[in-house]
Amino acid sequence: MTENTRCGFVTFVGRPNVGKSTLTNALVGEKVAITSDKPQTTRRAIRGILNRPGGQLIIVDTPGLHRPRTLLGQRLNDLVEQVLGDVDVIAFCAPATEKVGPGDRRIAESLDGYPRAKKVALVTKTDIASRDQITERLIEVDQLRDDWDAVIPLSALTNDQLDVLTAELLGLMPEGPALYPDGVVTDESLDDRIAEIIREAALEGVRDELPHSIAVVVQDISAREDSDLTDVYADIVVERDSQKAIIIGRKGSRLKEVGATARAGIEPLVGTRVFLSLHVRVAKEWQRDPKQLGRLGF
């Protein structure tokens, strides 16, 4: 990339579960952020890197803004606010299938606190919305602020309008050289990416409060001698003994399913067959305990 290209940071904001992580993965062209129908799946600022002839976009995927009920929730909100203060463009997301509500308005108004960043509005999930819904949502979203640089309807699942979004975002970025070399799609460590793949597998099929109680810590990754196997040892951390029983399942059946699903996602990442050893342990009320949060990386 030459010196007259553009390079900068963009983040997607919105209520939980409006499709921010799915959009990040679709733009990058590879899975760098886990997705789930559970709110607040994303827990870290994950950088996805998108290279185009005109420059480089660094996408910072953040947790959804929400009213926190635990110390973890507050720290996730603090993380989002920190990211918003650093990026060049903030892209507000609202799904085409849901009317704009008080939560959307509150988030849109909060963008006043970040005057440096340019702002665009995205109406997501257009693949499952009617034409009338999309039109209605575009009007509602457009009225949330009078300083949108663009309002774009799109679908991350069908890639509809993603080229329009990419061009618009690159045009809003400052001029400058790329910060990451070609071929790099994320700055997430291998440990963190594997931990997230395991957590995504563990989230499948669980309900109520359990999703928020699941954390994953990778203890060791090592290539096995004289073999094409990579050994991965990880802990799935929950808050109560009853949750541990749910994750393990009857005679370990659910934990085996989690392991098989996770292994299928980890093997392409490490490039070898994987032996995955999962251990479920209890860290009581870790979402509310500053020491436990620190040990788990929050």
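## Helix 6 and its surroundings

Gly205, which comes after helix 6, has a positive phi, near 80°. The model described here is predicted.

**Helix 6 itself.** Helix 6 covers residues 190–203, which makes 14 residues. At 1.5 Å a residue these should span 20 Å, and the end C-alpha atoms are 20 Å apart, so the two values agree. Most of helix 6 is covered, with 11 of its 14 residues buried. Among the buried residues are Arg193, Glu196, Arg199 and Glu200, and the list also includes Ile194, Ile197, Ile198 and Leu203.

What is the order of the strands in the open sheet? The 3 strands are arranged as 7-8-9, with mixed pairing. Strand 7 (215–223) and strand 9 (273–282) are the edge strands, each pairing on one side only. On average, neighbouring strands of this sheet are turned by 15° against each other, direction ignored. Strands of a sheet pair through backbone hydrogen bonds, either parallel or antiparallel. Strand 8 (residues 229–238) and strand 9 run parallel and are joined by 10 bridges. Thr230, for example, has Val274 in strand 9 as its bridge partner.

Helix 6 packs on this sheet and touches strand 7, strand 8 and strand 9. Helix 8 (residues 241–248) lies across strand 8 and strand 9.

| Pair | Angle |
|---|---|
| Helix 6 and strand 7 | about 125° |
| Helix 8 and strand 9 | about 155° |
| Helix 6 and helix 9 | roughly 145° |

**Helix 6 against helix 9.** The axes of helix 6 and helix 9 (residues 253–270) come within 8 Å, and their crossing is right-handed. On the helix 6 side, the residues that meet helix 9 include Leu190, Ile194, Ile197 and Ala201. On the helix 9 side, Val258, Ala262, Ile266 and Leu269 are among those that take part. The residues of the contact of helix 6 with helix 9 divide into 11 nonpolar, 2 polar and 2 charged.

**Leu57.** Another part of the chain to look at is strand 3 (residues 55–61), where Leu57 is placed. Is Leu57 buried or exposed? Its relative accessible area is 1%, so Leu57 is buried, the cut-off for buried being under 20%. Leaving aside neighbours within four places in sequence, Leu57 is in contact with Gly8, Gly48, Ile49, Leu50, Thr166, Leu169, Leu170 and Met173. One of these, Thr166, is 109 residues from Leu57 in sequence, while the two are 8.2 Å apart in space, C-alpha to C-alpha.

Key
Residues numbered from 1 in each chain as written. Predicted model: local features only at pLDDT ≥ 70, side-chain atom pairs only at ≥ 80, totals over all residues. Heavy atoms only, no water. Helix = DSSP H or I, 4+ residues; strand = E, 2+ residues; numbered from the N terminus. Expected span 1.5 Å × (residues − 1). Buried < 20%, exposed > 50% of the residue type's maximum accessible area, 1.4 Å probe, protein only. Pairing = 2+ DSSP bridges. Axes fitted to C-alpha atoms, helices over the stretch in contact; angles between N-to-C directions. Contact = heavy atoms within 4.5 Å. Left-handed = near helix turned anticlockwise from the far one by under 90°. Nonpolar A, V, L, I, M, F, W, Y, C, P; charged D, E, K, R; others polar.
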